[in-house]
Amino acid sequence: MLNALKNNYPILILLVCASIFFSHLGTLYINIMEARNFITAREIINNNEWLLTTMNGLPRYEKPPLPTWLTAITGSIFGMKSLFGLRLPAALIVTFLIWMCYELGIKIHNNKRLSFITSLILASSFYIIFSGRNGQWDIFTHGFMIAAIYYLFLLFQQKNKVWIHTVLASLFFGASFLSKGPVSPYALWLPFIIAYGIAYKFTGIKNKIGPIMVFLLIGLGLGASWFIYVRLADPEAFLAITTEETANWSSYNVRPFYYYWSFFTQSGIWTIPSFIALLYPYLKNKVSNPKAYKLSFWWTISAVILLSMIPEKKSRYLLPVLIPMAMNTAFYIEYLINHFKELKNKKETYPVYFNFGLIALIGLAFPIGGYVLFNDKLEGSMWLYFITTSVLLFTIGLFILKGLKQKNISNVFLLTIGFIMTIMTFGFPISKVFNTNTSFKNVDTLAASSNYQNLNIYSFGELAPEMVWLYGREVPRLDVNGMINTPTKNNFGVLVTLKKEDLFKDHFSEFFDVKLIDTYDVNYTASPDQKKHKSRLVANYYILTAKTSGNSL
């Protein structure tokens, strides 16, 4: 089937991306990383300050501003409360990333079908989906870097358009640096350079030392430009933040060297094929292009090794590894498509039957399992989504089993992509059934309430970014850098975190009547009596009234 679609690969890639990354983009509630980024974007628009970025009125120089600028632009177009508009840049950049991987693959191995397989594996990998549908900046830095690597590869390999490729590579490199600093240069670009040296021996590079130096100068200069500006414009805050961020690399979320050894599981539905594709001695003589396979293999392994050397480790830091790993896995899928019917060693078929058979069984079981789990929670249009998802997944499951029986891996592969597309296009809205917090109360009701519009409202303790975002504007913090500021008003409101409630009362109760008005709980999926309920997402709202009008406050 893949051969029959060969003239439509670009259109199909865009359709797959539209289904997976753009459908129901505003459905899921906001998470902590998104809240921080969206607050910064909102304050860029509200304060018209595009360079000295802030979060809840305080300097936020931890992350470079390019993705925030893009988000601020789409937010201003669609409205700063539109999660679709705010997440749109991430969906666009992940589509760009997948497209550039398709183009890069063609340049590396001159095989459009193999590049198409790579693109579909990448688009349907778990953490790529998560990052492409979230307002997090990791996808931006790696999306721009893949474009830089594409033009750098052309610079290395081609004799014409040398300076055009140099300039374009440097601009995308700089954009990547302006998205999240040195993260992608270290975790994606450097592993590519290492892998290119192993696979291609840097043949012909000596004649292009000049353009390569220009590439580095422009790329690093552009990437460092914002950091230099902030260092000069607000040196004290910049140095404090930089010192803290640098310390985190060696003291925060420290994990052992082998923490990332299960990295292939981040591909989700491709976990087993990705693992087998990494068995280099097994696959190296079976692939269609051994040199390209060596490049993708060492690109993947080098990225994992370099990331493992950093003490601070988080699962999401493995995102750049999924990019070369998709290319690496595509070689194995292509091998199965071409040779599965001919395999004489049954042991080679067991992982294939298990992996895709499991997906088929999930599809077949979903209608009954989903009904048992969700029937008392489904209402209105959710029933339509549930029924549609059930019919499609059940049908896909049947056809996957049929494809396995016929040993038609091409069909099985495409049906697996259809499985993911179905979940994202029709099944995703069902996720709202997990919003079960019986004590949920959105803090936006406080901002909108006419009873409190004449009061200045502050915060005490570090409010969760999600709460600041939902409130809709800055909530100035009274306790900053060990100091407690007291407003000059006789009446004002304060949102107090649970951890700082005793300190708050001790400080203000002498001169103010402190009255508890309400409790705001923005946990969506867990009630207060459940383990997953997070106290950081709860704040008590107090109104303070001066005890005597003569107080000097």
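Which residues make a nonpolar surface patch of about 590 Å²? The patch is formed by Phe-257, Tyr-258, Trp-261, Ile-305 and Met-309. Patches consist of residues with over 30% relative accessible area and no salt bridge; nonpolar side chains (Val, Leu, Ile, Met, Phe, Trp, Tyr) are joined within 5 Å, and like charges within 9 Å. Accessible areas come from the Shrake-Rupley method with a 1.4 Å probe, and for residues only the protein chains shown count as cover. The model is predicted: local features need pLDDT of at least 70, side-chain atom pairs count only at pLDDT 80 or more, and totals for chains, interfaces and linings use all residues. Residues are numbered from 1 along each chain as its sequence is written, and side-chain values use heavy atoms, with hydrogens and water left out.

Phe-257 sits in the loop between α11 (235-251) and α12 (271-277). Helices (H or I, at least four residues) and strands (E, at least two) are DSSP runs, numbered from the N terminus. Phe-257 has a relative accessible area of 42% and is partly exposed. Buried means under 20% relative accessible area, exposed over 50%, and partly exposed in between (1.4 Å probe, protein chains only).

The UniProt record, an unreviewed entry, lists residues 63-200 as "domain: Glycosyltransferase RgtA/B/C/D-like". UniProt positions follow the numbering used here, feature names are shortened, and annotations may be inferred rather than shown by experiment. The span 63-200 is 84% helix and 0% strand. Its end C-alpha atoms lie 35 Å apart.

Ile-359 belongs to helix α16 (residues 350-374). Ile-359 is buried, at 6% relative accessible area. Beyond its neighbours within four places in sequence, Ile-359 contacts Ile-269, Ile-400, Thr-416 and Phe-419. Contact means heavy atoms within 4.5 Å. The C-alpha atoms of Ile-359 and Asp-376 are separated by 26 Å, with the two residues 17 apart along the chain.

Helix α21 (residues 501-508) has Glu-501, Phe-504 and Phe-508 buried. Seen down the axis of α21, these buried residues fall within an arc of 60 degrees, so they line one face of the helix. The arc is that of the directions from the helix axis to the C-beta atoms. Asp-502 and Asp-506, on the other side of α21, are exposed. The buried residues of α21 pack against β3 (457-460), β5 (483-484), β6 (491-497), β7 (512-521) and β8 (538-546).

Eight salt bridges are counted. A salt bridge is a side-chain nitrogen of Lys or Arg within 4 Å of a carboxyl oxygen of Asp or Glu. One of them joins Asp-518 and Lys-441 (2.3 Å, N to O). Asp-518 lies in strand β7 and Lys-441 in the loop between α18 (409-427) and α19 (444-448), so the pair ties together parts 77 residues apart in sequence. Asp-518 is partly exposed at 23% relative accessibility, and Lys-441 is partly exposed at 29%.

A salt bridge also pairs Glu-466 with Arg-536, their closest N and O atoms being 2.6 Å apart. Glu-466 lies in helix α20 (residues 465-471) and Arg-536 in the loop between β7 and β8, so this pair ties together parts 70 residues apart in sequence. Glu-466 is buried at 6%, whereas Arg-536 is partly exposed at 33%.

Asp-479 and Lys-500 meet in a salt bridge (3.3 Å, N to O). Asp-479 is in strand β4 (residues 479-480) and Lys-500 in the loop between β6 and α21, 21 residues apart. Asp-479 is buried at 8%; Lys-500 is partly exposed at 28%. Elsewhere, salt bridges that share partners join Asp-138, Lys-180 and Arg-316 into one network.
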